Amino acid sequence: MSEVIVITSGKGGVGKTTTTANVGTGLAQLNKKVVMIDTDIGLRNLDVVMGLENRIVYNLVDVIEGKCRLKQALIKDKKYPELCLLPSAQTRDKDAVTPEQMKELIEELRGEFDYILLDCPAGIEQGFKNAIAGADRALVVTTPEVSAVRDADRIIGLLEANEIGRIDLIVNRLRMDMVKRGDMMNVDDVTEILAVNLIGAVPDDEQIVVSTNQGEPLVGSSALAGQAYANISRRIIGEEVPFLDLEAKQGVFSKLKGLFGKN
Amino acid sequence: MGLMDLFKKKSSGDVAKDRLKLLLVSDRANCSPEVMEMIKNDIIAVISKYMDIDTEALNIQITQTESESNNGTVPALYANIPIKDMKHKPN
């Protein structure tokens, strides 16, 4: 049985695409067959975060308009052959696709993959409606800031109204130094306010920028954010994984490993 | 109150949490500030028929309150209306 997961947030810039890339790669590391769909038509980003921007021939809109077969538009990941990307169209706009067409596309993919991840655009308009149309469950990404949490609350309301079966929360970009001195809401504060199940907390990590620069998701590396994403992926497939201690200082060794990227 | 309490400021994280809690209650109740203002004016109009109230100090807001029937909280309209004079006003 395949599962369709939409990654959404309401507010822009909180880490939806980074989360999609890392969770998708994380699930592939757990030997799952995964397809990631960039549903942000007009502003495509998931391809660059994955480092696959040079391999695009066809896109989501081409598939929907019947200009190519679905298989032709799927791009295989560099490292994991069981991980695919369906890129978005850069030169079209959101109403090139309807929710019904998205549902049809997802039904076609269900037979082929264990997980179908939908990277949702910011906002609550057409693009959001397209992205959630065929979803079974949702990962709501937020940061511990008032604006992001408020938008997340609105999104959760809309997901519930659309009868999305399961909603999980990811609190992203936590700065433990600020949390410690009381200048940032902590994970428990945000979870309490939004009243949904917490599936992961990701620290603000410079390595995320480095990995995005290189077009290689961080998940699975020793960097704290990489560990956090690996844990989220394992929780998605149903494993019980204890939450990371984000306050623990990283050892010199793992810092050094982080510096050299690979491990 | 201890001397230290005078210097203790509420941390900005707590301020954020408190602001959000209030904000989300009215967001969820789908109640805009304009609607709140209209409710407030109507309350003033009705109560003023029977008593003299302090319209400046009047405060209404939507808060969460424990629900008896279902096991959660429900929104409630809270109004604090200071009375200046209980006497009936001649119409």
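In which sense do strand β1 and strand β5 of chain A pair, and over how many bridges?

Modeller: Keep in mind that this is a predicted model. Strand β1 of chain A covers residues 3–8, and strand β5 covers residues 115–119. The two pair in the parallel sense, over five bridges. To find the pairing in the structure, look for A:V4, which stands opposite A:I116 in β5(A).

β1(A) also pairs with strand β6 of chain A, residues 137–142. That pairing is again in the parallel sense, and it runs over four bridges. Here the residue to look for is A:I5, which stands opposite A:R137 in β6(A). As for the side chains, those of a regular strand alternate between the two faces of the sheet.

Next comes burial. Of the six residues of β1(A), five are buried, so the strand is largely enclosed by the rest of the structure. In chain A as a whole, 49% of the 263 residues count as buried.

The largest nonpolar core has 80 residues. Among those that touch the most other members are A:I5 and A:V6, together with A:I116, A:L117 and A:L118. A:V34 and A:Y229 belong to that group too. Helix α11 of chain A, residues 224–236, gives the most to this core, with seven residues.

Now step back to the whole chain. Chain A has 12 helices and eight strands. Its radius of gyration is 18 Å, close to the 18 Å that the globule rule gives for 263 residues, so chain A is as compact as a globular protein of that length. Along the principal axes, the C-alpha atoms of chain A fill a box of roughly 55 × 40 × 35 Å. If you take the contacts in chain A between residues at least 6 apart in sequence, 75% of them join residues at least 24 apart.

Last, there is a second chain. In all, 12 residues of chain A are in contact with 13 residues of chain B. On the side of chain A that touches chain B, α7 (146–161) and α9 (187–194) each supply at least two residues. α7(A) gives the most to that side, with six residues. The residues of that side divide into five nonpolar, two polar and five charged.

Notes:
Residues are numbered from 1 along each chain as its sequence is written. Chains are lettered from A and ligands numbered from 1 in the order in which they are written. This is a predicted model: local features need pLDDT of at least 70, side-chain atom pairs count only at pLDDT 80 or more; totals for chains, interfaces and linings use all residues. Two residues are in contact if their C-beta atoms, placed from the backbone, lie within 7 Å. Ala, Val, Leu, Ile, Met, Phe, Trp, Tyr, Cys and Pro count as nonpolar, Asp, Glu, Lys and Arg as charged, and the others, Gly among them, as polar. A nonpolar core is a set of buried Ala, Val, Leu, Ile, Met, Phe, Trp, Tyr and Cys residues joined through C-beta atoms within 7 Å. A residue is buried if 20 or more other C-beta atoms lie within 10 Å of its own, exposed if 12 or fewer, and partly exposed in between; C-beta atoms are placed from the backbone. Two strands pair if DSSP finds at least two bridges between them. The radius of gyration is taken over C-alpha atoms; the globule rule is 2.2 Å times the number of residues to the power 0.38.
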